[in-house]
Number of protein chains: 2
Amino acid sequence: MNQTDQLCVNTLRFLAVDAVEKAKSGHPGLPLGAAPMAYVLWDRFMKHNPAQPAWVDRDRFILSAGHGSALLYAMLHTFGYGLPLEELKKFRQWESLTPGHPEYGMTVGVEATTGPLGQGFAMGVGMAIAEKQLAAVFNKPGLPIVDHFTYALVSDGDLMEGVCAEAASLAATLGLGKLIYLYDDNHISIEGNTELAFTENVRLRFQAYGWQVITVPDGNDLGLIEEAIRLAREDKERPSLIAVRTQIGFGSPKQGTAAAHGEPLGSEAAEATRQTLGWPPEARFHVPEEAAAHFAKALERGGDCEEKWQAMFTEYQKQYPEEAAQFHNAMNGILPRDWKEKIPLFGAGAMATRESSGKVMNKLAAVLPQLVGGSADLAPSTKTWLDGFAAFGVAQPEGRNLHFGIREHAMGSIVNGMALHKGLIPYGATFFVFSDYMRPALRMAALMQTHSIFVFTHDSIGVGEDGPTHQPIEHLASLRAIPGLTVIRPAEANETRGAWIAAVERKKPVALVLTRQKLTTLDQLANEAAVGVAYGAYIVKDAPQKNPQLILLASGSELEISLKAGELLTQQGIRVRVVSMPSWELFDEQSEDYRRRVLPAGVPVLSVEAGITLGWQKYTGAQGDSLGIDHFGASGPGPQVMEKFGFTAENIVKRALALLK
Amino acid sequence: MNQTDQLCVNTLRFLAVDAVEKAKSGHPGLPLGAAPMAYVLWDRFMKHNPAQPAWVDRDRFILSAGHGSALLYAMLHTFGYGLPLEELKKFRQWESLTPGHPEYGMTVGVEATTGPLGQGFAMGVGMAIAEKQLAAVFNKPGLPIVDHFTYALVSDGDLMEGVCAEAASLAATLGLGKLIYLYDDNHISIEGNTELAFTENVRLRFQAYGWQVITVPDGNDLGLIEEAIRLAREDKERPSLIAVRTQIGFGSPKQGTAAAHGEPLGSEAAEATRQTLGWPPEARFHVPEEAAAHFAKALERGGDCEEKWQAMFTEYQKQYPEEAAQFHNAMNGILPRDWKEKIPLFGAGAMATRESSGKVMNKLAAVLPQLVGGSADLAPSTKTWLDGFAAFGVAQPEGRNLHFGIREHAMGSIVNGMALHKGLIPYGATFFVFSDYMRPALRMAALMQTHSIFVFTHDSIGVGEDGPTHQPIEHLASLRAIPGLTVIRPAEANETRGAWIAAVERKKPVALVLTRQKLTTLDQLANEAAVGVAYGAYIVKDAPQKNPQLILLASGSELEISLKAGELLTQQGIRVRVVSMPSWELFDEQSEDYRRRVLPAGVPVLSVEAGITLGWQKYTGAQGDSLGIDHFGASGPGPQVMEKFGFTAENIVKRALALLK
């Protein structure tokens, strides 16, 4: 290591150490061990312009081991991303730009929120998919306007997580040659040596997936790291894992032990570390001039890089004005004019909402070239295949259909990564009950507010014969519980159309919850249904003089039986209003006036939904009641299971009459 | 294949085909392809007594590919488990014993509920851990009273799931030599050929984990299958994966295609299959006499086996009466007398509930030798290490501490598998926010009602600096949403003691939700707190004359500030009752009388919990209010974050006064 490099690496190390010490909280071990590889990557390879962090063709870098956030903040500061030293001094403090784990949208230069292990690894795969697909669609001979790498720094913890195994296997199948992961192979996790629980041969495992695996035996040897990254970049067919043998807490008295991982070194050990690594004893948050000057070159390099790209893009605009406009729109989330009008309303008939969703998606696919996604090996059931488009992969990288395999969790994280990349509107589909498998990814989407669309079909006990393992019960409630996630459960075809439009327009995470079984289309109310969804809830059938003595409040498949129940009650002279409520979140966003008009105070409400009743009290109030199912389902034909568990018009009538008494 | 074998295999195949045809629903593809391997296993190797399905030292068999349930039911019928042919004719029908996916507790001989892919694979690992641990503890020279294999039939879908990757890696680290999995390597999943999404070298991957991998190139060659299982059994150090190349839907016109997977063959194709495999065209649910006679031998073999074991156990009882009694109690879930009294109450002080939990666990460990478990690489943080006991593994199979590694999902499923095995009271621990990673396993525990204990620490924004990725918000609500799961969030040390006692006594799945931060011990009310937990909610401080005008209803860490708020309100002359509510589920189980006494009708209730407010309306009623946090948290010191988001006595007072207006 030459002197400048050494100085820069140690600058990163001690900025991190000082931040952790000052916060009295954080993880010094990773920064001390992994600073050299992070430095080599950013100093010698990263194509990015810290002055324009949003430049579309930048290399992406994810700190999948998000607990090492202090290292990332040190890099963002030194490499010129404009993160002030003052913020490093406020590491992990209230309202600082340097939270405990990197947060997307909070700190400029952070490409993804990380911390929950494995997520960064899998999101990187999503970014690399987006890059490959967009490159295949937009690049022209001599004008590769999309051409960047996706890097990540990953840890033992990432590699133990199942989501990483899923994503790694898929990354190789898809031939993501521009995906390069640096593995901080430090042999230590919180409980001690990785021998305790992780004796597998990681290198062989990744070779089995089809990755190129490169070993760097000494994590302090910048030359070896550089050579490894060079090799990784040369292999265009396979993703690369560079296993870099490091010492956690390098240079500190706790080096190579779990004690270096998750708590400040303490002033004594920090002092010893300074001595060992030749850092001035009194220096705190110190960036030596020589180091600062060297780091600053990143801005020059970045400016040059982006300039060249801008020149190329100008040429591209000249030669391919239409594609250039499309690319610009895609990268900036600009939707084509009149796109909604190209999605026809549904006429009379009966159709599962998964079916109408499939039809809407196929219409959308024609007007929104950004729509790209797939299913966790359930496309024939989720109806999410985009007809006439290829399967994305080595042979057809322009393909818009993804075969995710039976990997729900990775699918969720990959969809998030694709959304973070920009340029695509990604979706992922599976059975609703298996939303559990991808829950950590759903939470990440909600935290980051990515434009991720999740399509969940087979949404209730209506699934029937497959039985309780496949029948969602608690899933609506548990998704509604996630802050910032919009859940929409349309009642029929035109609501499904509206739900998809909302999912595209919101540019935030949306979960669409759809039936396996057929439902009657509200053809007489096609417009109302299609528009009503956007309000979260709307009146489908009102009482005479808009003066109800009872409101039936239904979501999804239970609207149909509620309408029937409404008729039966009307025949008994009861003034009933039937409200369709496809989305709590959308309804809660409406004006109080609108909400009061739909659900006036003082009118008893009976909610009807084939899921647990948890939370419906918010809308039914104290005088209301909820018809739901607060236990697991059972195997049997769907209509019979529905009936046995009380989801019939007759039972609604019974419950409604009891409520009126 | 000799004629009898052929006949038996085809009997299994056509029982399954006929069941699916009659139900007009189900999966014929797996039974047709995998019947030979299942037959060889049960006919030549399985140590079980179908007449005594609960015999403790039986080999375990899990159909991890649960969608192939028709094959399992065919086996349970033919091998003498007493499943009537009538039930096969009611396959997938309401209230039959043959639901769409195998359900533990529903059908005798089903060792685990399966269907959600990967779960069976991981639960098998849990069973093998239990076997190995119990064998190490109880076996004596010449008296191996615990000595059985754990088998499973696993599919491509299982092997793609991350939970399987996690469990497989751990199984090898732990040296589970008696774990043998038959891999139905049929190259087909729902979307088509596995080449679409699954090009990895599965054999090499499992070798990388440290498994023995054996290949059977022809899934119809019983001799090769037999030889492979023999080899697998001989390797005592490594788990074995036997990759059996099969044809999905073997013998049918849909053979080798995804069309054979998940829907009935249809009468025409079923007819053609009969012709191809030489089955009588008119036969339905047919068990030829010769086959029946051969299958029946399983009962003889099983009877002999169990008899020998009983003789051995009688000898064991003679030589080791104390151990024999312990073993009997452990296998039957009988707890020692007076065990609760050995867990002391906590005196004055302040302690995080994770800390008091750790202390209680260590006391429990001394009186309950069955208590065995561990953490997903967070033992120092979750405080779940049992002091003085070894780490379970190759060197010390009698160890009671498990290093699960950073594999939350597998941990959950493994805990379930250990519980299913019987003989242990297993627990698994991680940060509460990562309960998301193991949610599918939590649901399985709830479905099966296994005695699985989940310890979740760092339970709110009180976590502090680690920020929103590590701060649970929606997790209490989303666990409460799972039917049949008991969630307990104690408020201090003595409630924690009570929570653990409930977790041990209930013999059903329980999630304990614990703080990172210190809380004041209710030492004056130690008994009330310790006992009160069992009621789900109890009065900690009452208003004068038990006549409150307001109730503060708090869980966990929010009890302390609610008590302070109660004092402040009392000073203002307001008659306040403060109720601690550690568990909704336990409270809901109480008599209406008790519930009314704690929360009398008409008294406004303010709930206080550092989580989303979803569902609290059930207890606060229409006139009540909920103080919670309905958005994500933020990074900063824990006490400050709590304060900023309104969790202070002062803010409770403010909200309470507003409520009284």
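Trainee: What should helix H18 of chain A span at 1.5 Å a residue, and how far apart are its end C-alpha atoms?

Mentor: In this predicted model, H18(A) runs over residues 493–506, which makes 14 residues.

Trainee: How many residues of H18(A) are buried?

Mentor: A residue counts as buried under 20% relative accessible area. H18(A) is mostly covered, and of its 14 residues the number buried is 13.

Trainee: Which residue follows H18(A), and what is its phi near?

Mentor: The helix is followed by Lys507(A). The phi of Lys507(A) is positive, near 55°.

Trainee: Turning to chain B, is Arg506(B) buried or exposed?

Mentor: Arg506(B) lies in helix H18 of chain B, residues 493–506. Its contacts, leaving out residues up to four places away in sequence, are Thr486(B), Leu586(B) and Glu589(B). The relative accessible area of Arg506(B) is 18%. The cut-off is 20%, so Arg506(B) is buried.

Trainee: How much area do chain A and chain B bury between them?

Mentor: The contact draws 94 residues from chain A and 94 residues from chain B. Carbon and sulfur atoms account for 62% of the buried area, and the total is about 7,800 Å².

Trainee: Which residues of chain A lose the most area to chain B?

Mentor: Three residues together make up 11% of what the chain A side buries. They are Trp94(A), Glu191(A) and Arg443(A).

Trainee: Which residue of chain B meets Arg443(A) in a salt bridge?

Mentor: Across the interface of chain A and chain B there are 6 salt bridges. In one of them the N to O distance is 2.7 Å, and the partner of Arg443(A) is Glu474(B).

Trainee: Which helix gives the largest share of the side of chain A that touches chain B?

Mentor: The interface holds 46 residue pairs in polar contact. Several helices of chain A each supply at least two residues to this side, among them H6 (156–160), H7 (162–173) and H16 (439–448). The largest share is 6 residues, and it comes from H7(A).

Key: Residues numbered from 1 in each chain as written. Chains lettered and ligands numbered in written order. Predicted model: local features only at pLDDT ≥ 70, side-chain atom pairs only at ≥ 80, totals over all residues. Heavy atoms only, no water. Contact = heavy atoms within 4.5 Å. Buried area = accessible area lost by both parts, 1.4 Å probe. Salt bridge = Lys/Arg side-chain N within 4 Å of Asp/Glu carboxyl O. Polar contact = N/O pair within 3.5 Å; in protein donor to acceptor, adjacent residues only side chain to side chain. Helix = DSSP H or I, 4+ residues; strand = E, 2+ residues; numbered from the N terminus. Buried < 20%, exposed > 50% of the residue type's maximum accessible area, 1.4 Å probe, protein only. Expected span 1.5 Å × (residues − 1).
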